[in-house]
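Subject: Structure for your review

Dear colleague,

Please find below the structure that I am handing over to you.

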Amino acid sequence: MTSGYSTLKWAHLMTVLAISASSYASFDASSASELQVLTADNRLDVGNAKILAGKLEQICTSRFHNQAQAFQCKSACGGLDEAVSGVSTHINRQANPTIIKNSLKTLVQRTLQCNQRWQRDFPQEFKPFALLLKSLHEGRMPQPGKPAPQLQNNPAHYAENLKQLAPQLSSLGNVCHESLFRDSCLKSCDISTDSVNLAETLQQGTWQSLSSMNEETPWVKALRTTSTALHQKTRQCAKHYGRTPAGVLSSVQLISKTVQDKANEVYSRHLETEKLRREELARQRDAELQQRNAERQQRKTEEQHRYQQEVARLHQCRNDSPFDGYSGCSYLTAIYDGNFQQAISLELQTSNQFKDGWLSKTNRELAKGTPLEFLTALQDTGYRAFTFIDKLITVYSAYYSAAYPGCLGDNPIEITLTTEVSTEYKNGFGSVVHFTKHLETDYLLIPRRLYDKFGLAGIGTRGLGISTIAEQALKAGSEQQGLSTLDVTMGLSSAMDNYGCDSATMRKLEQQMLSYQAHRQQYNRQFGGG
């Protein structure tokens, strides 16, 4: 016996209580599958005592139909856990030997009183208390401290431990029959099936492999899920035992927590590995994106270079051209030389500016997915029918009488241009205070041979100005380059100022402009023009 308790006279105590060794000598040591009040390391398991005492109370109710007998049985057997708890508390606190002796006397009395109720027809749940009494009679004093977990130190044997503990776990709910939260208690203490599930999951792999894993495999995920659920239930169940949970419950709690921590370590490494993998993928995507952008920029640069070369080639005017140095020289020279394909190419450059401008892009976006979408396609096709020649001949005809008054020929056509002019007068606040209208009249003489070659709608300075503004609006936002109507008409005006009407240059230019107009009308039929 431990020092400090040697003064306890166990033989005398047993004599006083009239206890015969034969009352409990027939009990053998408990098997590993049974709940023990006195554990293998000679410590008191108060939690197990609570489970067994609760079960004994239920057996009292079911075995004794006489209410008085059932009450006496429950009074004697139901308080065994309190007697065990009192002894455990005093031993752990190293109380005065007299106090310990009194608590032991109470335990022995309760045990014998319970023993008398069964008349040697002992329930299995009474056996651990009888074994405790036998151990006390043999002079073995319980050691202070909590019972050691009923498991092997090697985690590799956790699955085996859980299966060995499973039969004992089914009794954990015995403490719930008098609880105010009985349903919650029973639910949280029903961990036998969960423990078996964790054991079976553990057996699907090896414990050693978890230390080197960096990926959460389905097995590791199942371990993490089952161990977390089981550990949460054991914690809830332990609350119903107070400060002294059953040893078997503590063992399962320790196992589930250890497995949970190990699985969480793998999961943490898995997250870190995934993070590194995502970062690497992001770096690869960024590198690929930079490469694609660089290649796209290279292609754009090369295309721009080729485009600039093409623009320069089309806009190049031969040195011996009669229009060298004039605005729109390349276009006028192409017509003059009869190189109508070159003239069309120059006009296409300008029409491409229309398609690339903000206005056309906005119309295409607004019309996308609507019934008006086909109109934008027609609009783009219509741009290809764009030509300078009609406006050029109109300006040539309108300017002819001013440039060549002596070359109008017989019976020129007189055209009267009437324009309504409005004038507003505003005060200092911007309000209109007076408004007038008047008509302005101009007269043009057109050679009869040119009358049917131009349109009256765009004739005059105002008509040319409006068409120039509209052309600039269509080009707005375009990155492409091209001639404008103003370029070619200014070049034509310079040619008319420098060459006489009867010069070979102007006669040929007039003839070629009329020829190109006819050629262009034929060419535009493919776009719906004429």
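The notes below describe what was found, beginning with the whole chain and moving on to particular residues.

Please bear in mind that this is a predicted model. The mean pLDDT of the chain is 79, and 81% of the residues score at least 70. Confidence is highest in helix 13 (residues 329-337), with a mean of 93, and lowest in helix 1 (residues 10-16), with a mean of 44. Over residues 1-27 the pLDDT stays under 50, and the model has 40 contacts beyond four places in sequence for this stretch.

As for the overall make-up, the chain contains 20 helices and 2 strands. Of its 530 residues, 40% are buried. When contacts between residues at least 6 apart in sequence are considered, 73% of them join residues at least 24 apart.

Aromatic residues

The search of the whole structure found 9 aromatic pairs. One of them is formed by Y331 and Y516, whose ring centres are 6.4 Å apart and whose planes stand at 80 degrees; the pair is therefore edge-to-face, since planes over 60 degrees apart are counted in that way. Y331 belongs to helix 13 and Y516 to helix 20 (residues 504-524), so this pair ties together parts of the chain that are 185 residues apart in sequence. Y331 and Y516 are both buried.

A further edge-to-face pair is made by F386 and F388, with 5.2 Å from centre to centre and 80 degrees between the planes. F386 and F388 are buried as well. These two pairs also belong to one picture: Y331, F340, F386, F388 and Y516 form one aromatic cluster.

The charged end of K508 sits over the ring of Y336, at 4.4 Å from its centre. R224 lies over the face of Y267, and here the distance to the ring centre is 3.8 Å.

Helix 20

Helix 20, which holds Y516, has 21 residues. From its first C-alpha to its last, helix 20 reaches 30 Å, close to the 30 Å expected at 1.5 Å a residue. Which residues of helix 20 are buried? They are T505, M506, L509, E510, Q512, M513, Y516, Q517, R520 and N524.

Is D45 buried or exposed? D45 has a relative accessible area of 1%, so it is buried, the limit for that term being under 20%. D45 is placed in the loop between helix 1 and helix 2 (46-63). A polar atom of the D45 side chain lies 3.0 Å from the backbone nitrogen of N48. D45 and D81 are 36 residues apart in sequence, while their C-alpha atoms are 9.5 Å apart in space.

S88 is part of helix 4 (residues 80-92). Its relative accessible area is 10%, so S88 is also buried. Leaving aside neighbours within four places in sequence, S88 is in contact with L44 and V46.

Yours sincerely,
A colleague

Notes. Residues numbered from 1 in each chain as written. Heavy atoms only, no water. pLDDT = per-residue confidence, 0-100. Helix = DSSP H or I, 4+ residues; strand = E, 2+ residues; numbered from the N terminus. Contact = heavy atoms within 4.5 Å. Phe/Tyr/Trp six-rings, centres within 6.5 Å; stacked < 30°, edge-to-face > 60°. Buried < 20%, exposed > 50% of the residue type's maximum accessible area, 1.4 Å probe, protein only. Lys NZ or Arg CZ within 6 Å of the ring centre and 35° of its normal. Polar contact = N/O pair within 3.5 Å; in protein donor to acceptor, adjacent residues only side chain to side chain. Expected span 1.5 Å × (residues − 1).
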